[in-house]
Amino acid sequence: MFRLGLLGLSTRKMRAALSALGISLGIATMVVVTGIPASSQRALMDELTSLGTNMLRAQPAQRQETPVLLPEASVGMVERIGPVTAAAAVANTHTRVRRSDRLDPSHSSDLTVLASSLGLLETVNGQVQSGRFLTDANAGFPVVVLGYVAAGRLGIDRIPDGDAKPAVYIGDRWFTVVGVLGPMPLAPDIERSVLVGWDAARKELRFDGHPTVVYVKAHEESIEDVRRVIPATLYSEVPGLVQVSRPSDALAAKRATQNSYAALFLGLAGVALLVGGVGVANTMVISVLERRKEIGLRRALGATRGQIRGQFLTEAVLLSGLGGLVGTALGVLATFGYATAQAWPTVIPATAMTGGVLAAVVVGIVAGLYPSIRAARLTPTQALSAQ
């Protein structure tokens, strides 16, 4: 039956090629309309993730006469929560920063001086725009890192190479500026802050060691669960006195985007397959009409209705399968080329590649079913008498 189906296609090579081209364009369209949006989606998801959509912010609840003190070991306590991937803390040192010691001590730049743990940058997805961040080597010395907004207000936008570093006056002594951070839209409090090493804050600014804000990064699918257990983890006596921010609106936008893209994939793929299926069905119906004498001769020589039906159904499946293979290859190449041109990561869903060929076969079965049944119903006399 397989050889007979191939024979039917090989005797009409041009028509078979054109019909296969039709189904291949449909499958290529399916791969492209799933691959290109998936690549665009991945680029968007990576951009949203880089903002810190999986970040939470825990601090003492507002409007307390005497706010609770978070434990000094808050970071280690939070890191023991299963889905948490990173944690860091900052603490308000209640000191003022000035560009020069000649300014009035009461002068306020509206900037906060924060003691910072070393893992802050990783937790808030921050980046150093110039210089470097706090390290084990310098965290105990009078050095600072400026947030993006703080750097602009202090007139220090970059750290020059060499030994001549800018400095700011905090409390009653100078601190060397070793780094400037880039923008962090989801952590505006860090942007407006001057960051000092935890040990340096203890020695130079009389910091008591209790964090005022704990930043937590966790797996996105577990972010709500982590949010529920953080208060009891940090202050088990009265968890209600610890306030945890709700997940970022960017995370909600990210999830909505994922759902929208999924619906788009299904709709466009369905249209592409429908177009391809109609083309195969049309080709097979015309083939039955043109080959009625062949059908009549085979019936007269003893072919059963089932054999006639199987012959045309096999032709339809082979035609669609060939188109599916070619279409999948074309779709992959087109998706790769477009994603590369847009500087996106190339993402081609496995279901689109394997499903393209399988869908073509299924379409071939459905499209060839009616023509094969119609061919099998022809009696030898009807078929042989056809003009």
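Is Asp-189 buried or exposed? Asp-189 is buried, at 19% relative accessible area, where buried means under 20%, exposed over 50% and partly exposed in between (1.4 Å probe, protein chains only). The views below come from a predicted model, in which local features need pLDDT of at least 70 and side-chain atom pairs count only at pLDDT 80 or more, while totals for chains, interfaces and linings use all residues. Residues are numbered from 1 along each chain as its sequence is written, and side-chain values use heavy atoms, with hydrogens and water left out.

**View A. Asp-189 pairs with Arg-57 in a salt bridge.** The closest N and O atoms sit 2.9 Å apart; the rule asks for a side-chain nitrogen of Lys or Arg within 4 Å of a carboxyl oxygen of Asp or Glu. This pair links distant parts of the chain, with Asp-189 in helix H6 (residues 188-191) and Arg-57 in strand S1, 132 residues apart. Helices (H or I, at least four residues) and strands (E, at least two) are DSSP runs, numbered from the N terminus. Arg-57 counts as partly exposed, at 27% relative accessibility.

**View B. Glu-72 and Arg-202 meet in another of the five salt bridges.** Here the N to O distance is 2.9 Å. Glu-72 lies in the loop between S1 and H3, and Arg-202 in helix H7 (residues 198-205), so the pair ties together parts 130 residues apart in sequence. Glu-72 is partly exposed at 47%, and Arg-202 is partly exposed at 35%.

View C. A pocket is an open set of points on a 1 Å grid over the protein atoms alone, where a 1.4 Å probe fits, with protein on both sides within 12 Å along at least five of seven lines; lining residues have an atom within 4 Å of a point. Of the 23 lining residues, Pro-60, Pro-67, His-94, Pro-211 and Thr-212 lie nearest the centre. S1 gives the most, with three residues.

**View D. Ala-61 sits in the loop between S1 and helix H3 (74-79).** Ala-61 is buried, with a relative accessible area of 16%. Val-242 is 181 residues away from Ala-61 in sequence, yet their C-alpha atoms are 5.0 Å apart in space.
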